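Subject: Structure for your review

Dear colleague,

Please find the structure below, followed by a summary of what was found in it. I would be grateful if you could read the two side by side.

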Amino acid sequence: MVYKSRGVHELSKITDLVQPRVTVEMNQRLMRPYSEEEIFEALMQMHPSKAPGPNGMPALFFQHYWNLIGKDVSQFVLNILKGNVDPDTINQTFIALIPKAKAPSTPKVFRPISLCNVIFKIVLKVLVNRMKGVLPSIIHGAQSAFVSGRLITDNVIVVFEHFHYMKKRKKNGGKGYMALKLDMSKAYDRIEWEFLEKMLITLGFHMNWFRLVMRCVTSVTYSIILNGQPTSPFSRSRGLRQGDPLSLCLFLICTEGLSGLIRDAATKKCLHGIKVCRFAPSISHLFFANDSLLFTRANLPEAQKVLNILNIYEAASGQVVNVDKSEVSYSRNVSEHMKNELQQSLGFKAVETHDHYLGLPTFIERSKKIVFQNVCDRVWKKLKGWKEKYLSRAGKEVLLKAFIHAIPMYAMQCFEMPVTLCEEVERICRNFWWGQSSDKPKVSMISWDSI
């Protein structure tokens with residue numbers, strides 16, 4: 001396929017830094033013969049009641065009637081995977097526009113969610129299940145999203161330690177540091193297919209594998225759902241689908257280009273990351289999907305180097321940094337004069353501390369209760385939308401155990417929450433269970449510990 005020409009010079013700068021990492025053994029695992037067992041496993045991994053695609057049937061239909069339609073579906077999927085059938089025959093997608101705010105007035109405040117056909121999702125799931133085995137070997141440790149063996153909490157803990165180090169630096173003397181929190185504008189939608197193809201080839205993927213992947217990416221047609229009705233179908237020339245399981249892996253491969261540029265600059269001593277102690281590793285960047293954090297020294301040469309890296313990556317990949325939503329913070333020993341110069345050079349919004357990173361605080365003041373108060377607020381907002389009188393006891397139990405308890409447990413994986421906040425969350429859950437309110441108190445029939 002012929003792609004729209006991008007920054008050829010910038011693209012070569014990135015691909016020259018990327019070394020082949022997919023070994024012959026990995027390619028053999030990727031290209032081994034497909035089986036019906038793989039297809040059935042991929043189907044059973046799908047959520048049964050997710051929104052259906054253009055064919056109108058959710059995964060539950062295929063899971064329930066697999067004994068009747070399994071042979072035909074497996075044969076069709078195998079033909080696509082083997083290259084005997086073009087995937088564009090079932091690669092139609094509906095786009096549902098989900099508002100991000102109340103009373104949306106412009107297209108920018110809508111989040112586009114792609115709804116694919118279940119049969120095509122099976123194809124993608126099979127590819128993803130195979131690619132998961134090679135991702136840990138080809139994705140640098142600075143990225144922890146969707147890679148087996150890496151946890152989201154790893155990034156949270158490392159980031160918290162580095163921000164704590166920056167805030168506890170002496171006010172006078174020493175080298176100052178800055179942290180840049182980047183926001184990519186429409187990150188998935190702007191990925192250039194030429195850049196994705198070059199990254200797949202440079203990393204060493206088998207030609208048949210990357211051709212199959214690119215066919216799945218480029219053969220898609222879209223229809224936007226407006227007032228419950230789909231519009232006329234149209235195609236696109238770049239971007240990855242949100243809601244597509246394969247897009248997560250491909251986005252990591254694209255972001256590896258930016259990671260390579262930063263690592264090369266750090267190797268050449270053009271950028272200096274943060275070392276929290278003498279024998280600690282130097283951390284220059286941490287990525288979790290499109291949540292990007294960069295740590296450098298607070299001086300003009302390194303700020304200019306960061307801008308040059310971002311310009312190269314933007315020209316090659318098609319992504320664009322959203323300057324309005326990107327932020328920069330400084331260690332305590334950076335002077336106000338230097339902050340002003342860096343502010344003019346970078347153009348990012350300066351903040352004392354970044355409010356949150358991956359949903360958790362980046363720095364904790366003396367009062368933990370104030371920092372983690374949002375946990376109670378989220379629990380309350382989640383429960384107040386439900387009318388307890390319309391839920392059975394079993395429904396309440398599922399809601400509390402599966403959804404509500406997960407909110408504080410995520411924070412507790414990294415931080416020790418105050419006892420008073422734990423008791424407040426327990427009180428909210430207890431009142432919801434018994435149906436208590438301020439104007440209609442009810443008697444608890446059994447102690448909460450027994451429940």
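**Aromatic pairs**

Across the whole structure, which is a predicted model, a search finds 11 aromatic pairs. One of them joins Phe40 and Trp66: the ring centres are 5.9 Å apart and the planes make an angle of 40 degrees, a tilted arrangement. This pair links distant parts of the chain, with Phe40 in helix 3 (residues 36–44) and Trp66 in helix 5 (residues 66–81), 26 residues apart. Phe40 has a relative accessible area of 36% and is therefore partly exposed. Trp66, by contrast, has a relative accessible area of 15%, so this residue is buried, the cut-off for buried being under 20%.

A second pair consists of Phe163 and Phe295, and it is edge-to-face because the planes stand at 65 degrees, with the ring centres 5.8 Å apart. Here too distant parts of the chain are linked: Phe163 belongs to helix 8 (residues 152–167) and Phe295 to strand 8 (residues 291–297), 132 residues apart. Phe163 counts as buried, at 3% relative accessibility, and Phe295 counts as buried at 0%.

**The chain as a whole**

The secondary structure of the protein chain comprises 18 helices and 13 strands. Its radius of gyration is 25 Å, close to the 22 Å given by the globule rule for 451 residues, so the chain is as compact as a globular protein of that length. Along the principal axes, the C-alpha trace spans about 70 × 70 × 45 Å.

Of the 451 residues in the protein chain, 46% are buried. Among contacts between residues at least 6 apart in sequence, 73% join residues at least 24 apart. The protein chain exposes about 23,500 Å², and carbon and sulfur atoms supply 55% of that area. As regards charge, there are 60 positive and 39 negative side chains, and the centres of the two sets lie 3 Å apart.

**Helix 9**

Helix 9 (residues 193–203) is mostly covered, with 9 of its 11 residues buried. The buried residues are Trp193, Glu194, Phe195, Leu196, Glu197, Met199, Leu200, Thr202 and Leu203. What do the buried residues of helix 9 pack against? Their partners are helix 1 (8–17), helix 7 (135–138), helix 10 (207–218), helix 11 and helix 12 (300–317). After helix 9 comes Gly204, which has a positive phi, near 100 degrees.

Glu256 lies in helix 11 (residues 245–267). Is Glu256 buried or exposed? Its relative accessible area is 1%, so Glu256 is buried. With neighbours within four places in sequence left aside, Glu256 is in contact with Arg21, Ile138, Ile139, His140, Gln143, Met199 and Arg263. Met199 is also among the buried residues of helix 9.

Cys249 is placed in helix 11 as well. With a relative accessible area of 4%, Cys249 is buried. Not counting residues up to four places away in sequence, Cys249 touches Val128, Met131 and Leu135. Along the chain, Cys249 and Ala265 are 16 residues apart, and their C-alpha atoms are separated by 25 Å.

**Ser292 in strand 8**

Strand 8, in which Phe295 is found, also holds Ser292. Ser292 counts as buried, at 4% relative accessibility. Which residues is Ser292 in contact with, leaving aside its neighbours within four places in sequence? They are Leu180, Lys181, Leu182, Leu286 and Phe287. Ser292 and Val22 are 270 residues apart in sequence, and the distance between them in space is 25 Å, C-alpha to C-alpha.

Yours sincerely

Terms used. Residues are numbered from 1 along each chain as its sequence is written. This is a predicted model: local features need pLDDT of at least 70, side-chain atom pairs count only at pLDDT 80 or more; totals for chains, interfaces and linings use all residues. Side-chain values use heavy atoms; hydrogens and water are left out. Helices (H or I, at least four residues) and strands (E, at least two) are DSSP runs, numbered from the N terminus. The radius of gyration is taken over C-alpha atoms; the globule rule is 2.2 Å times the number of residues to the power 0.38. Buried means under 20% relative accessible area, exposed over 50%, partly exposed in between (1.4 Å probe, protein chains only). Contact means heavy atoms within 4.5 Å. Accessible areas come from the Shrake-Rupley method with a 1.4 Å probe; for residues, only the protein chains shown count as cover. Lys and Arg count as positive and Asp and Glu as negative; His and the chain ends are not counted. The place of a charge is taken as NZ of Lys, CZ of Arg, CG of Asp or CD of Glu. Rings of Phe, Tyr and Trp (its six-membered ring) pair if their centres lie within 6.5 Å; planes under 30 degrees apart count as stacked, over 60 as edge-to-face and the rest as tilted.
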